[in-house]
Amino acid sequence: MDTKIIELKEDVSSSSLYSEDLAPVSAKGRTWGIWDLAALWVGMAVCIPTYLLASYMISSGVSWYAALIIIGLANLIITVPMVLNGHAGVKYGIPFPVVGRAAFGIRGIHIPAVVRAIVACGWFGIQTWIGGLAFYAIWNVLTGEPGETGLSVGKFVGFGLFWLVNIYFVWKGTESIRWLEDWSAPILILMGVFLIGWGAWNGGGFSNVLRQGRQLEKPSVSLQIEDPQGMVLQLNPLTLPDGKNKASQYRMVVPTAQGMADLGWQILPPAGAAIVFEQIREPQIDIDGLTNGSREVQVQFRAPVENGFTESSLVTAKFDFQAYAHPSSKGWGYVLWLTAMVGFWATMSISISDITRYARSQKQQVAGQFIGLPGTMILYSFVGIFVTCAAVVNFPDILIGNDAPWDPVSLIARFDNPWVVVVAQLFMIIATLSTNIAANVIAPANVFSNLFPKQLDFRKGGLVTGIIGILICPWWLMNEISNLLLFVSGLLGPVLGVLICDYFVIRKRELRLAELYKENGVYVFTKGYNLKALAAVAAGVLVALVGLWVPALAFLYSLSWFTGFGVAFLLYWGLMEK
């Protein structure tokens, strides 16, 4: 790989496209080494979504070790374009919006860059709200006040405090961000090791915890067809190490012609037993509705405790006729999960040159990223798996997999010692802050600065990011907007496809550095827009989206990151070669 560092020789400071923050970082100004880049990825990857990643797969029936293999493979895959797209940052010292001028044009780059920035602003707002809740939890513990379930003044004060902490590091500049990531990385790694140790110590050993955790792969209740005359309701409450059920009773709420009927509490059969619904014996139950998937059964479990019973949540079992009629292969399910995991860092792969421009060499950026990203994602996904499995063993009131504390917030809430809660929330603040700054502030700050180079510097661009993060009202829209952000992130593969094709295939890693800052330079194309690049991105997005409307092509949408990347890469190559 090319190891040269190219510096700007021509004075282009009078150009409207130039500013000190968008200017190439000189070789002397490169302060980030292997540890800094690896620490950056530790800081970004240690967050609640990483902790939860494996849980989504395990709850769908994927084994814990298969989930880790998928996460590891996906992050090795995404690190390759991450390193490739970071090459220009190291060689020329320029951020993503400037690198992108070569492919999209000096104005065309604003289109994909602003989309990427808005996604980051949305995540900034969500992460800031989560960090604010940690401050709020600490306040409640120290004052002995009970926490409120709805919105409250205290939660908004916590949000405002955490917002100011984020803006402080933005205002201090990239060196303060490097300092934050360097110091937070070892703390976060130690936290992960401590959590694994806690789980093994309290769960009866490492192997026992994982063996008991295998139960989480099964749905708590499921409906299956037995024969044309009836259905089977399979009950899978959690069991003790000796194989006995944690719960002692269950109740069903079943569909009838008159509505839903509660059959009351009954003795739970031995572990692995099933309830058979037959049309002849239970004519009052709407078995036809269950069979075609229009009706559902609800089940709840309970176990005796000192002052009565502890009850599980009410679980719904609805027969999936489509899945039964057309079962998908397990291998295809793995491919879909692999695509989802690759898309997790899709936006960062586009703007990684915002970071690598501070790296001292190509060798260090490659080593730092490969050491930091896949390893951290595997470690903290395993932490999430192991600690949740340990909770299943340690907490007797967890009767079904649905109630397992997959997220660290739910786990922390189970501890009575206030100082454990305070320390855990401090770790949560560090993890959220390090993720937020690196993943959700640097890129949009550069994008907004690129929109108005002479008016907005990096600091002001970061401030704009913070303001948009408030305006999205994450306290109301957190669940809705996160789904939208994930959807948009999955469609950004074509942008990366164009960037990598342009830099490595079309331009052979050679950019005319001064021309990137000229209003009438070689990267103006058609009034500042490279229409071929925009057409390639549009085609990639369209091919990925067609699966939403045409069922036979649903696999294109399921593999949206790969299909979008591939289509845009090949089409752009063909158009530019002509």
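This is a predicted model: local features need pLDDT of at least 70, side-chain atom pairs count only at pLDDT 80 or more; totals for chains, interfaces and linings use all residues.
Biologist: Is C121 buried or exposed? And what about C501?

Modeller: C121 is buried, at 0% relative accessibility. C501 is buried too, with a relative accessible area of 0%.

Biologist: Let's switch to the nonpolar core. Which residues touch the most other members of the largest one?

Modeller: That core has 139 residues, and the ones touching the most other members are I94, F104, W345, V498 and L516.

Biologist: What is L516 in contact with, sequence neighbours aside?

Modeller: Once you skip anything within four places in sequence, L516 contacts L17, I94, V98, R101, A102, I106, L511 and Y523. There's also a second, separate core of 23 residues, with A247, V254, L268 and F301 among them.

Biologist: Okay, S349 next. Where is it found?

Modeller: S349 sits in helix 13, residues 346-350. S349 is buried, with 0% relative accessibility.

Biologist: What does the side chain of S349 reach?

Modeller: The backbone oxygen of A346, at 2.6 Å. Apart from neighbours within four places in sequence, S349 is also in contact with I78, M82, N85 and L496.

Biologist: And N446, which helix is that in?

Modeller: Helix 18, which covers residues 442-451. N446 is buried, at a relative accessible area of 2%.

Biologist: What does N446 touch, leaving out residues up to four places away?

Modeller: L22, P95, P97, D354 and F458. For a sense of scale, the C-alpha atoms of N446 and S220 are separated by 47 Å, and those two residues are 226 apart along the chain.

Biologist: Changing topic: how many aromatic pairs does the structure hold?

Modeller: There are 23 aromatic pairs. One of them joins W179 and W183, and that pair is tilted, at 6.4 Å centre to centre with 45° between the planes.

Biologist: Where do W179 and W183 lie?

Modeller: Both are in helix 8, residues 174-202, and they're four residues apart, about one turn of the helix. W179 counts as partly exposed at 48% relative accessibility, while W183 is exposed, at 53%.

Biologist: Which residues form an aromatic cluster?

Modeller: W64, Y65, F206, F382 and F386 form one.

Biologist: Helices now. How far apart are the end C-alpha atoms of helix 7?

Modeller: They're 29 Å apart, and that agrees with the 28 Å its 20 residues should span at 1.5 Å a residue. Helix 7 runs over residues 153-172.

Biologist: Which residues of helix 7 are buried?

Modeller: K155, G158, F159, F162, W163, N166, I167, F169 and V170. Just after helix 7 comes G173, with a positive phi of about 95°.

Biologist: Last one, helix 24. How many residues does it have, and how far does it reach?

Modeller: Helix 24 has 18 residues, 560-577, and reaches 25 Å from its first C-alpha to its last. That's close to the 26 Å expected at 1.5 Å a residue.

Biologist: And which of the residues in helix 24 are buried?

Modeller: S560, W561, T563, G564, F565, A568, F569 and Y572.

Methods: Residues are numbered from 1 along each chain as its sequence is written. Side-chain values use heavy atoms; hydrogens and water are left out. Helices (H or I, at least four residues) and strands (E, at least two) are DSSP runs, numbered from the N terminus. The expected span of a helix is 1.5 Å times one less than its number of residues. Buried means under 20% relative accessible area, exposed over 50%, partly exposed in between (1.4 Å probe, protein chains only). A polar contact is a pair of N or O atoms within 3.5 Å; within protein, one must be able to donate a hydrogen and the other to accept it, and residues adjacent in sequence count only if both atoms are side-chain atoms. Contact means heavy atoms within 4.5 Å. A nonpolar core is a set of buried Ala, Val, Leu, Ile, Met, Phe, Trp, Tyr and Cys residues joined through side-chain atoms within 4.5 Å. Rings of Phe, Tyr and Trp (its six-membered ring) pair if their centres lie within 6.5 Å; planes under 30 degrees apart count as stacked, over 60 as edge-to-face and the rest as tilted.
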